Structure formats: structure tokens, C-alpha cells
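Subject: Model for your files

Hello,

Here is the structure I said I would pass on.

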2 protein chains.
Amino acid sequence: MDKQLIDAFTKATQEVFAMMAGIEVGENKIVKDKQQKIYGDVSGVIGFTDKFSENINGSIVLALPLSLAKKAVANMLAINESELEEEDIQDGIGELVNMIAGDAKSKCNNAFKISLPTVITGLHHSIGKIKEEIVIVKFKNNEETFYLQISLEEK
Amino acid sequence: MDKQLIDAFTKATQEVFAMMAGIEVGENKIVKDKQQKIYGDVSGVIGFTDKFSENINGSIVLALPLSLAKKAVANMLAINESELEEEDIQDGIGELVNMIAGDAKSKCNNAFKISLPTVITGLHHSIGKIKEEIVIVKFKNNEETFYLQISLEEK
């Protein structure tokens, strides 16, 4: 997969978490083991398509543990975590993944278009890997980890 | 939301289920209650973007109970449900939602592009509604129900 694309999504994730959710991402690394399954409690999904042709299509999944999703959204809304409803968490994570994809898009000179985000919540759900090229970036905030899965098909 | 688009996705869902998974969809209706939350055990998500401009973007979620997802994929692969691994179910439902989106796209004269599908599995997860326009179509096969949520933002 294009290194520029992976870098754009990785940097966008770090910057959006820091700026919008006050969460510093301590480190990130690409998980090379293609067999590794990833899980989340709150996952934001967004698709992307090539702007000029039909050559590229892909999708990203931001998969978070519930504790980190709550922390991020509470910070974004400047309210206490105890006040959060499930809808707030879904809206907030949808906004976050939308900003990450939008920022990555602008880092790639707007070479692709992004779809509307979808957010799914449910404890310990599993994120599927389709058979196209996949990169998983593992991020760490203190002791918590979260993932960004990037799937891409280039024709 | 554009009636043609809703019809295209509804018909595509029925046709793909019948043709690819041997599952007849007995009836369908649009759920008008915007407050209704929908849940799935296996959900396929796919984004779409306008082909010619940046005016339309959206996403669909096909949310299935596990029993129906297994039945569909076992039929697609012509194997017994007991032989299915989680990866088979994720791949199969990814293919199904991809075919539904592709068929709906051709019914709409290829006016939009579709992203790669993402599949999430986890018992009774909740599908978020972002704040854009949303239509939920409820389908029935015998006593089982499943949902297609269509989200659209038109600029």
C-alpha cells in the first residue's frame, strides 16, 4: 500500500485525537501480522473512492475501547463522561473518524473522496478483513490501545 | 431522500439475497420512526460518493441476525452452516453488501461510486445514526427480520 496514504491516515489520527479530543497518542506502529484480529467496542467506518477514476477504493475503521471512546467524546463536548448517552458517543466518534478521513484526504492533495461515516457500538465486536490489501496501525494512549485499519484495492 | 435511490437499494437487496444466497425476502417496509434503533450480529458497511461532483455522499449498513447471516453464507458457498468459520461469514457478508451496492449503483445509471465493504461481527451491536437523512428498510424472511440503513447527505 502507498506509504504516503498510510502516513497521511496515521498523522491525521494523531493530530485529530490531540486537537479535537485532547488525547495524545504516545506511539504508533504498523501491525504486520496479517493474522491478527482486531476488536473494538466503538468503531467508526468510512469509505473512500478515487476522485478522478475508478482505480482506487478503500475503507478505514477506527476501532476503540469504550473507555477511550467515552474519554474522547467527553473531551470533545466538554462534558463529564457520566453524562454521555450512547447517541453522543456514536455521533462523536462519527465526527472524529470523519475529521481523520478529511484530514488524510487533504494531506493527499484531495486525491480521493470520502463517504459518510457509520458508527457501530457493541462490546468486543470483531472487525473483518476483506481480502484486499490491509494495513493495521496500532496506537497507544497511556495503557490503552486502539486501531486504525486501512483497506485498499488498487486496480 | 431520492425515491429512486431507496427503490434501487431495496430491489438490489431482494434480488441479491434471492440470487446469491437463495433467500426470498417476503416483504419489506420503510421504518418511519426515526427514533428506532437497529441492531445486528453481523453488519456489512459500504460507503458511496458522487461520481461526478462532491454533492452526494452516503453509506449503507446491512444489519443481519447471526442465524440469517450463516444461512446466507452457507448457501452462497454451498456448504453446511456448521462448517463456517467467522472469516467465512465476514467475507460472505462483505461480498453480499458489495453486490447489493453494485447492483443499486447500476440501477441508478452508475451515478455514484462505492467504497470497499467493511464487516463487523459481534452479538447485538447497535448501528449508529448520524444526523444526516436516514432511511431504514426492514426486510423479512419467514420469521426473521433484517435491516438496510441508508444514510445520505446531499449538498
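Below is what I found, starting with the single chain and ending with a few individual residues. Please keep in mind that this is a predicted model.

**The chain**

Chain A holds three helices and seven strands. Read from the N terminus, their order is α-β-β-β-α-α-β-β-β-β. The radius of gyration of chain A is 15 Å, and the globule rule also gives 15 Å for 155 residues, so chain A is as compact as a globular protein of that length. Along the principal axes, its C-alpha atoms fill a box of roughly 45 × 30 × 25 Å. Buried residues make up 48% of the 155 in chain A. Among the contacts in chain A with a separation of 6 or more, 70% are between residues 24 or more positions apart.

**How the two copies relate**

**The interface**

In the contact between the chains, 34 residues of chain A meet 34 residues of chain B. On the chain A side, β2 (38-50), β3 (56-64), α3 (86-107), β5 (118-127) and β7 (144-154) each supply at least two residues. The most come from β5(A), which gives nine residues. By type, the chain A side divides into ten nonpolar, 17 polar and seven charged residues.

β5(A) also pairs with strand β5 (residues 118-127) of chain B, in the antiparallel sense and over four bridges. Within β5(B), the residue opposite A:I127 is B:I120.

A:L116 is worth a look here. Its place is the loop between β4 (112-114) and β5 of chain A. Is A:L116 buried or exposed? With 24 other C-beta atoms within 10 Å, A:L116 is buried, the cut-off being 20 or more. Leaving out residues up to four places away in sequence, A:L116 touches B:G47, B:N57, B:G58, B:S59, B:I130, B:E132, B:S151 and B:E153. A:L116 and A:S53 are 63 residues apart in sequence, and their C-alpha atoms are 20 Å apart in space.

**Helix α2 in chain B**

Helix α2 (residues 66-77) of chain B has twelve residues, which at 1.5 Å a residue should span 16 Å; the end C-alpha atoms are 16 Å apart, so the two values agree. Which residues of α2(B) are buried? They are B:L68, B:A69, B:K70, B:A72, B:V73 and B:A74, a list that includes the lysine B:K70. These buried residues pack against α1 (3-21), β2 (38-50), β3 (56-64), α3 (86-107), β6 (133-141) and β7 (144-154) of chain B. After α2(B) comes B:A78, with a positive phi near 55°.

**Two loop residues with positive phi**

In chain A, A:A78 lies in the loop between α2 (66-77) and α3. Its phi is near 55°, a positive value in a residue other than glycine. A:A78 is exposed, because it has 7 other C-beta atoms within 10 Å and the limit for that class is 12 or fewer.

A:N109 sits in the loop between α3 and β4 of chain A. A:N109 is not a glycine either, and its phi is positive at about 55°. With 10 C-beta neighbours inside 10 Å, A:N109 counts as exposed.

**Strand β1**

Strand β1 (residues 27-31) of chain A is hardly covered, as the count of buried residues among its five residues is zero. β1(A) pairs with strand β6 (residues 133-141) of chain A in the antiparallel sense, over five bridges. One of the bridge partners is A:K140 in β6(A), which stands across from A:E27.

Regards

Methods:
Residues numbered from 1 in each chain as written. Chains lettered and ligands numbered in written order. Predicted model: local features only at pLDDT ≥ 70, side-chain atom pairs only at ≥ 80, totals over all residues. Contact = placed C-beta atoms within 7 Å. Nonpolar A, V, L, I, M, F, W, Y, C, P; charged D, E, K, R; others polar. Pairing = 2+ DSSP bridges. Rg over C-alpha atoms; globule rule 2.2 N^0.38 Å. Expected span 1.5 Å × (residues − 1).
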